[in-house]
Amino acid sequence: MLVKTYGSAVYGVDAITITVEVNVMKGKNYFIVGLPDNAIKESLQRVESALKTNGFLMPRIKLLVNLAPANIRKSGSAFDLPIAIGILAASGQMKDPGVLKPLLIMGELNLDGSILPVKGALPMAIQARKEQFTGFLVPKSNSYEAAMVNNISIYPVSHIREVVEFLNGKTAIAPLAADPRHDFFSSQFDFDIDFRDVKGQQNIKRALEIAATGAHNAILIGPPGSGKTMLAKRLPTILPPLNLPEALETTKIYSVAGKLPAGAMLIARRPFRSPHHTISDMALVGGGGIPQPGEISLAHNGVLFLDELPEFKRTVLEVMRQPMEERKVNISRAKMTIDFPASFMLLASMNPCPCGFYNHPERECSCPPGAVQKYLNKISGPLLDRIDLHVEVTPVGFTDLASANVEESSSVIRERVMAAGARQSKRFRNHPGIYTNAQMDSALLKKICVLNTAGSALLRSAMEKLNLSARAFDRILKVSRTIADLAGTEEIKTEHLAEAIQYRSLDRESWAG
């Protein structure tokens with residue numbers, strides 16, 4: 001008998017429905033065709049053990065499994081369950097194979113028949129609903145992420161016997177009822193850390209507030225122990241909350257990567273990713289035989305923090321340049337091309353020199369001549385060109401550390417950020433794909449960031465006297481526009497420009513001189 005069950009394969013952040021055709025016929029041996037990888041080829045061994053352990057029979061005649069369409073490469077062990085159910089139906093061990101038609105079935109089998117979680121349950125459920133499947137049998141650990149999709153019944157299962165009894169009508173499995181919106185909105189601001197924890201450093205907090213408002217990339221430069229990492233980790237607490245489309249897109253990426261915790265639903269808070277400086281090119285941007293998302297995609301709609309930036313391999317940093325501009329990463333293989341979203345805010349930190357004490361107010365730098373410039377040269381000009389704010393961090397003094405004053409909380413700063421963000425949303429409502437000041441192109445920049453006579457004179461003077469490079473010009477305008485938004489004015493005033501100019505430390509010809 002020929003029987004069809006239905007599974008799903010994930011490519012990028014989307015899923016494709018796979019028809020699992022099982023035919024039991026005269027002959028010998030077992031075959032799986034349709035471009036399976038080794039994990040799928042091994043599935044028949046797991047399936048046989050799971051069936052026999054639970055009192056079912058494995059056919060001893062020719063068994064052919066076809067994964068259609070056959071021109072798409074399939075990978076992973078998630079097809080174990082649909083293959084096992086197909087074998088039972090094709091060998092006459094199920095009452096009515098017709099019940100399989102409207103159902104999507106996915107899950108990896110243990111040798112005892114228990115069902116293990118799979119990657120990508122959320123995009124699978126979205127695709128199943130799109131193709132009008134009525135139900136999705138999914139491992140219990142993945143059921144909550146799949147339940148975010150409405151208009152399709154999600155059946156959480158944990159053992160193959162449970163699945164067979166459900167399909168034979170012996171037992172009922174209640175579809176999982178979930179309310180992702182309630183959990184999403186109730187946990188958006190649940191942070192364990194707060195800017196209130198940071199003593200002093202008012203100028204750095206101000207710079208991060210500007211960065212959060214305009215989605216500007218930033219780099220913190222300062223000696224060891226000055227609080228760079230502590231400040232960076234608190235940046236997500238002042239970012240505007242995710243909206244539902246952003247949360248769904250971010251959750252899909254984590255679902256595909258298999259990084260959603262068991263029982264998790266929508267990701268409610270903006271991601272904060274902090275890879276170690278030994279990371280490889282592929283781990284950062286994504287890749288593999290069947291491409292998987294890298295750190296820049298896992299930081300989508302959030303923050304990518306690169307601590308000790310000069311210690312990263314130069315090739316690793318260079319591969320970020322194009323995704324930073326296009327806000328997506330394109331991964332090409334011989335048989336496929338996949339796009340992963342990569343709209344992240346880059347936050348980096350570094351010591352000013354190898355010893356860490358260049359420009360320190362109290363300690364003397366012990367680096368030899370030229371060492372500071374050589375250290376800075378580890379970061380390419382084109383990458384620095386994509387960083388809007390260069391923020392110098394100085395150590396916190398004893399007076400600030402011992403002060404009993406209560407620092408401003410993240411929630412207060414976030415309110416200002418969200419108010420300024422609303423002004424940007426209104427400004428760019430007729431410009432598709434542009435949501436923040438950092439995303440403005442040159443044409444839009446000239447139209448929106450118009451300076452008065454005093455502002456033009458100040459900028460000209462700064463470019464000449466501070467020896468600022470040409471690439472600093474656009475960045476200063478974008479940052480000054482954000483500062484004006486925080487001040488609640490449409491006009492970019494001279495004080496806004498002056499503050500923006502001070503955030504271009506690394507562009508000065510005198511830096512490291």
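Student: Is Q132 buried or exposed?

Tutor: Q132 counts as exposed, at 69% relative accessibility; exposed means over 50% relative accessible area, buried under 20%, and partly exposed in between, with a 1.4 Å probe and protein chains only. Before going on: this is a predicted model, where local features need pLDDT of at least 70, side-chain atom pairs count only at pLDDT 80 or more, and totals for chains, interfaces and linings use all residues. Residues are numbered from 1 along each chain as its sequence is written, and side-chain values use heavy atoms, with hydrogens and water left out.

Student: Where is Q132, and what is its phi?

Tutor: Q132 is in the loop between α4 (121-130) and β8 (135-139); helices (H or I, at least four residues) and strands (E, at least two) are DSSP runs numbered from the N terminus. Its phi is positive, about 65 degrees, although Q132 is not a glycine. Most residues other than glycine have a negative phi.

Student: What about Q201, buried or exposed?

Tutor: Q201 is buried, because its relative accessible area is 8%. Q201 also has a positive phi, about 55 degrees, without being a glycine. The residue sits in the loop between α7 (180-186) and α8 (202-214).

Student: What does Q201 touch?

Tutor: With neighbours within four places in sequence left aside, Q201 is in contact (heavy atoms within 4.5 Å) with S226, L231, V393, T394 and V396.

Student: Where is the cis peptide bond?

Tutor: The cis bond joins A68 and P69, with omega about 5 degrees. P69 belongs to the loop between β4 (62-68) and α3 (80-90).

Student: Back to α8. At what angle does it pack on α18?

Tutor: About 35 degrees, with the axes of α8 and α18 (residues 410-427) 8 Å apart. Axes are lines fitted to C-alpha atoms, for helices over the stretch in contact, and angles run from 0 to 180 degrees between N-to-C directions.

Student: Which residues meet there?

Tutor: From α8, E209, A212, T213 and G214; from α18, I413, R416, V417, A420 and Q424. By class, the residues of this contact are four nonpolar, three polar and two charged. Ala, Val, Leu, Ile, Met, Phe, Trp, Tyr, Cys and Pro count as nonpolar, Asp, Glu, Lys and Arg as charged, and the others, Gly among them, as polar.

Student: Now the spaces. How much space is in the largest pocket?

Tutor: About 840 Å³. A pocket is an open set of points on a 1 Å grid over the protein atoms alone, with protein on both sides within 12 Å along at least five of seven lines; lining residues have an atom within 4 Å of a point. Its volume is the space filled by probe spheres set on the points, which are joined across faces, edges and corners. Of the 27 lining residues, E246, R270, N301, Y435 and T436 are the closest to the centre.

Student: Which element gives the most to that lining?

Tutor: α18, with four residues.

Student: How many cavities are there?

Tutor: One of 30 Å³ or more in the whole structure; a cavity is a set of points where a 1.4 Å probe fits but cannot get out. The largest cavity holds about 60 Å³. Its lining includes F191, P236 and R269.

Student: What does F191 touch?

Tutor: Not counting residues up to four places away in sequence, F191 touches P236, T237, R269 and R414. F191 counts as partly exposed, at 27% relative accessibility.
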